[in-house]
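Trainee: Please show me the structure, and then let us go through it by question and answer.

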Amino acid sequence: MDDLDVNLTRGTLDLLILKALSWGPRHGYAVSDWIGQATGSALQLGEGTLYPALHRLERQQLVVAEWGLSENNRHAKYYRLSAGGRRRLQTGVSSWHRFVEAAASALRATAPVPAA
Amino acid sequence: MSDDRTRRPFRLALGAKHLKRDVDQEIEFHIAMRTQALVAQGLDAETARARAVAQFGDSAAVREECVTIDTQRSRATTLAERLGNFRQDVAYAVRSLRQNPAFAGIVILILALGIGANTATFSVIDALMLRPLPVTHPEALVTIGDPRATGRLSEGTPESEIASYPLYTDLRDGNHVLTGLYGSGRTGRLDVVIDQAPASAKPGPTEGEHPHGRFVTGNFFSVLGVGAASGRTFAATEDRVTGADPVVVISEAYWRKRFAGDPAAIGRTITINGAGFVIVGVAEKGFTGDIVGQPSDLWIPVTMQPVVMPNSPWLTKRSVSWLLLMGRLAPGVSLESARTALSVLETRSLLENAGSERRYLETRLHDAPPRIESGARGFSYYRAAFASAMFTLTAAVAMVLVVVCANVANLMLARAAARGREISVRIALGAGRMRLVQQLLTESAVLAIIGSTCGLVVAWWGSTAILRLAAGGPRPVPVDVRLDWPVVAFTLGLSITTTLLIGLVPALRATRSDVASALRTQGRDSGAEMTRRGRIPLGKGLVIAQMALSMLLLVGTGMLVRSTERLAHADVGIARDQLILADVAAQQSGYTDARMNALVRDLMARAAAIPGVAAVSVSENGIFSGTESATNVQVEGFTARVDSDTAVKYDDVGAGYFNAVGAHLLRGRGIEARDNETGPRVAVINETMARFYFPHGDALGRHITADSTVWEIVGIVGDARTNDVRETPDRRLFVPIVQMKHSPDQFRVELRTGGDPARLVDAVRRALLASDPSLVVTDVSALPALIQDSLTQDYLVAKAVSFFGAIALILSALGLYGIMAYATSRRTAEFGLRMALGAEPGAVIRMVLSEAMTLAISGIVLGLPVAVAASQLIRGRLFHIGVFDPPSIGIAVIVLAISAALAAYLPALRASSVAPLAAIRAS
């Protein structure tokens, strides 16, 4: 896997963040942790990359941010899905699956049929 | 009593600093959590933190990106919030105004009047003075000549203010600075017959319709860049051969009005002054010619002039000046360089053809050099004529608006005072002051905008009223007044200004309220508190200002009305109340020289036979009808120092002229029947002329040479003002009409009547037509009506200023009433106490009245010097009234004092009827 040059696209990261928030509000660290675990650390990304994505989602009003207290009593910024974010997650997941299938079937293809 | 802004539980501190701090905190939290997790895995604290930082990546870049995103988001939020606030404010304002419809209604009405009057005045100014012609690139147009001279016809020495046809062709062909130059000239009255057999079937002129026409050169439409709505406009070749192009283009408005927009009108033949013309096209919609205020219905090629006006050879003579010229600047040529080039060309053409008049013309050109100006706004007689009237009106309506604002500001103050507690509570609950000011201003803005909208309706009606007043009759001056962008922008600007004027001070004052004292009064307005905050003094100041401005307007009104009164009854040196004038277009009717002299005698005899006519005579020029002749004379025993010393006005008149018009013969005799074609050439001169040429000796028996004829002076007549009540009499020469070398084109019959001349107008027309039914009698008018017409503007200004003065007076009286009613209601307890202690009701009334009168008198005293100073501005409009006019000032003072007393009487009466016990209990 490591030698493959498959970059995580911004859209995919957004989708993963929305998925991470789909079970309730989380702060950025928790989102980052969940992505690491859920992907088996397969996606090698700097943990910081997450934050501009989160803030962008906030600007697009797909997530809502609020300051709250963390499990260890520290000030943390919590993100939760807005109604729009939840819709975006649904549509995003299905179009992602279509994309992957299309790409996968293309990658499975044998030699092209020569043009007649 | 809710604060609508409390939707967000806490005020978030927004701003760049705050955003950065949040992002830093978030990143720090992440790194701390990661460090903690790594420590839990067994790393030592230092290594764990270093690893956490490394895993995070480029934190500086992340931070920067997050801050950028957040800044964008916060901007959008702030904007949305502001809009939300604004919506809330508007809703709040509308709600609170609806709770108080009487207040809102009065304020809107007052504002509508004030703003409407200003908008109306501005829309007339816009239409007359500011708006460019609806043509292609009007800014590239230049006029040659006097743009006011729209109806002028000058015979004699050429002048620079208006051009002859040969001068036009010289300028058209000789210049290199214009891409095109056209000429247009007056047609006089046109008799147009539509739906009739061709001209040949109808001998002589026929009474028909009289649309407004202009003679134009073939390139008229192409130079202006005006196309045809239907059919075509003129081809540039349609002015090459005299009489060869019997075609007309009509205006879109005339096409709609007269032909109901029927396309079949194109190609139809109409008869103009007896000659057949084919309608070849309809000009673009909205185009009514190049003269603002005098729309044209149809245009005729200039080369058809001799056909339309037989016997008037205007095309060939350099001595007949009648064309207004307009050209389009060639690309890259500035107005300045065109001015120089055209001026040189015109001067050369005039002088080269001047012949024996060259020296005189040189002086004349020196005094009045060729005028080349921007033609973007077209020609207009009214523009110049109404400039000073519109200036006076603008000043008056602006003052009314200030009074309106002072008045409304006062109402707003009272309203803000009444809401003092509400505002205090909101401040106590943490509402920001700016936010409250914004809210109160929104209320003013809502009032101002509704007021302006109603004002536009007032303006729509008002501008027509101004134009109707200006025309002095039921038909308004035909200026296309529209509520177009400049007018709407002007009104919007007024609303904004008004909002600030009426809202800002009350809003600032209301929100200055100190929380504790307002809450302490438990919602009851405290009089003491009011006084301490100085609300009443400000209110009183506004009342005094209104009174002072009203004083200004009333004094102005008085002076203008008195001036108009004097104008209307001024002694002009003739029997102004008894004359009838009938204009006869002799040449157009086919009369010249000997035949015309016979006609003159016949008409005089017929007119004299009309019952009620005391005396009859004729003259070439009319009285108060705008025609004038001038010539140069050599006077026996007089040496001219400058050429202009030889210039005199002249008129050629019939026998018994001075007796007929009621002029005062001072010495010698008038023109008599014996001064016939063969008799010795005689002349009568006026007083001014006699004084000028013969300061020491007797003028009688001396000789003067004019028109290469030597005339002997046989009489001196008193000066008369025969064109304008205001004019200073010119040197004037009268000679017998039958002794003229060339008979005039037209003449007027003057009849003096015993009673009201207006009654005899029809009889006169009948009597003249009885001599020859085909005679063209263009106008029969009673002189009082003509004089009235010449004073139209003065009536307009006097009426309009009186109207505005009355509005200002009513408003300031209302303002005074308001402030007195408020003040007395605050002092109910005091009055009750006074009464309980034995004060007579009369004493209380006197007390309140004297307080009101103190305000009124302060206003009068303040307004008086301003009024005297301001009357300098209307000095030019005044006739026989000094700038310090005691009667006007006296009347203004009395009117203001009476209004003030009336305004204060009701509150005073109420104060005096306070029942002592009730008053004391109430406090």
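Predicted model: local features only at pLDDT ≥ 70, side-chain atom pairs only at ≥ 80, totals over all residues.

Mentor: Residues are numbered from 1 along each chain as its sequence is written, while chains are lettered from A and ligands numbered from 1 in the order in which they are written.

Trainee: Which element gives the most to the side of chain A that touches chain B?

Mentor: Two residues are in contact if their C-beta atoms, placed from the backbone, lie within 7 Å. The contact takes 17 residues from chain A and 19 residues from chain B. Helix H2 (28-38), helix H3 (50-59) and strand E3 (75-81) of chain A each supply at least two residues of that side (helices, H or I of at least four residues, and strands, E of at least two, are DSSP runs numbered from the N terminus). With 6 residues, the element that gives the most is H3(A).

Trainee: How do H3(A) and H3(B) lie to each other, roughly parallel or roughly antiparallel?

Mentor: Axes are lines fitted to C-alpha atoms, for helices over the stretch in contact, and angles run from 0 to 180 degrees between N-to-C directions. H3(A) and helix H3 (residues 59-98) of chain B pack at an angle of about 5°, their axes 9 Å apart. Angles under 35 degrees count as roughly parallel, over 145 as roughly antiparallel, 65 to 115 as roughly perpendicular and the rest as oblique. H3(A) and H3(B) are therefore roughly parallel.

Trainee: Which element gives the most to the side of domain 2 of chain B that touches domain 3 of chain B?

Mentor: Domain bounds come from an automatic or database domain assignment, and those of chain B include domain 2 (133-187 + 317-376) and domain 3 (188-308). In this pair, 18 residues of domain 2 of chain B are in contact with 22 residues of domain 3 of chain B. Strand E3 (178-186) and strand E12 (323-329) of chain B give two or more residues each to the domain 2 side. With 7 residues, the most comes from E3(B).
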